[in-house]
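This note is intended for a colleague who is meeting the structure for the first time. Please read the points below alongside the sequence and the model.

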Amino acid sequence: MLGIIGAMDVEINSIKKKITSRAVTEIAGCEFVCGFIGSVNVCAVKCNPGKVNAALCTQALIDIFKVNKIINLGVGCSLADGVAVKTIVIADDVCEYDIDITALGEPRGYINGLNEIKIKTNKEISDRLAEIAVRSGEKIRRGTVASGDTFIAESSLKKFINENFGALCGEMEGAAVGHVCRANGVPFAVLRSVSDGGDESAQLDYNTFKKTAAEKSTAIILKYIESEKTQLELF
């Protein structure tokens, strides 16, 4: 089963509406909709913004619904030159920029337990998402997606994250999904459509472009699911 996580209705509702033979389960205030899109077994959930919310839903997908791969989709901000609004960013790895135990001698973003700063995404899933995005006519970038419990709307924070982590895109969930998946040995991918510049104009740009950006990421995921159906039919 494929697990799909989005933080907001605008990011996940189009996928939920496509699910047939659906079963709805509420866990910790989140609605998990499981069933089929075509012949592909999926479970989609809106986690709500933030790392803890994302981690909670990720672990539920793994423990309760027994998913064997997870894709986190949605919108995010640009953290680097050349990453314009509406660009699709597909993570090669993810990091948690707001983990700070530097006072104890560890580097910024170091994840105790995993003992790393950047968590690699699954190459096969990410490559397929990238191929679908390119075929759909989207401009894509691949690299680091940085997560933290802050809506990034300051040039100074944007610069800090880019300089310290080399991140292309910032958001609030992807690395939490990756953290839980990595701990459980579950393949995952993170896809973001850029909605704003992560600077002092971010709030205005976000409200203007978030729907369009979310639609772009949703369309790619639906095409990915269609490609999964094609692969299933080969065997």
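1. The model is predicted. Its chain contains 6 helices and 10 strands. The radius of gyration is 17 Å, close to the 18 Å that the globule rule gives for 235 residues, and the chain is therefore as compact as a globular protein of that length.

2. As regards the interior, 51% of the 235 residues in the chain are buried. Among contacts with a separation of 6 or more, 75% are made by residues 24 or more positions apart.

3. The side chains include 27 positive and 30 negative ones, and 6 Å separates the centres of the two sets.

4. A search for aromatic pairs across the whole structure returns 1. The pair consists of F32 and F65, which are stacked, with 5.1 Å from centre to centre and 25° between the planes. F32 belongs to strand β3 (residues 30-37), while F65 sits in the loop between α2 (51-63) and β5 (69-78), so the pair ties together parts that are 33 residues apart in sequence.

Conventions
Residues numbered from 1 in each chain as written. Predicted model: local features only at pLDDT ≥ 70, side-chain atom pairs only at ≥ 80, totals over all residues. Heavy atoms only, no water. Phe/Tyr/Trp six-rings, centres within 6.5 Å; stacked < 30°, edge-to-face > 60°. Helix = DSSP H or I, 4+ residues; strand = E, 2+ residues; numbered from the N terminus. Rg over C-alpha atoms; globule rule 2.2 N^0.38 Å. Buried < 20%, exposed > 50% of the residue type's maximum accessible area, 1.4 Å probe, protein only. Contact = heavy atoms within 4.5 Å. Lys, Arg positive; Asp, Glu negative; His and termini not counted. Charge placed at Lys NZ, Arg CZ, Asp CG, Glu CD.
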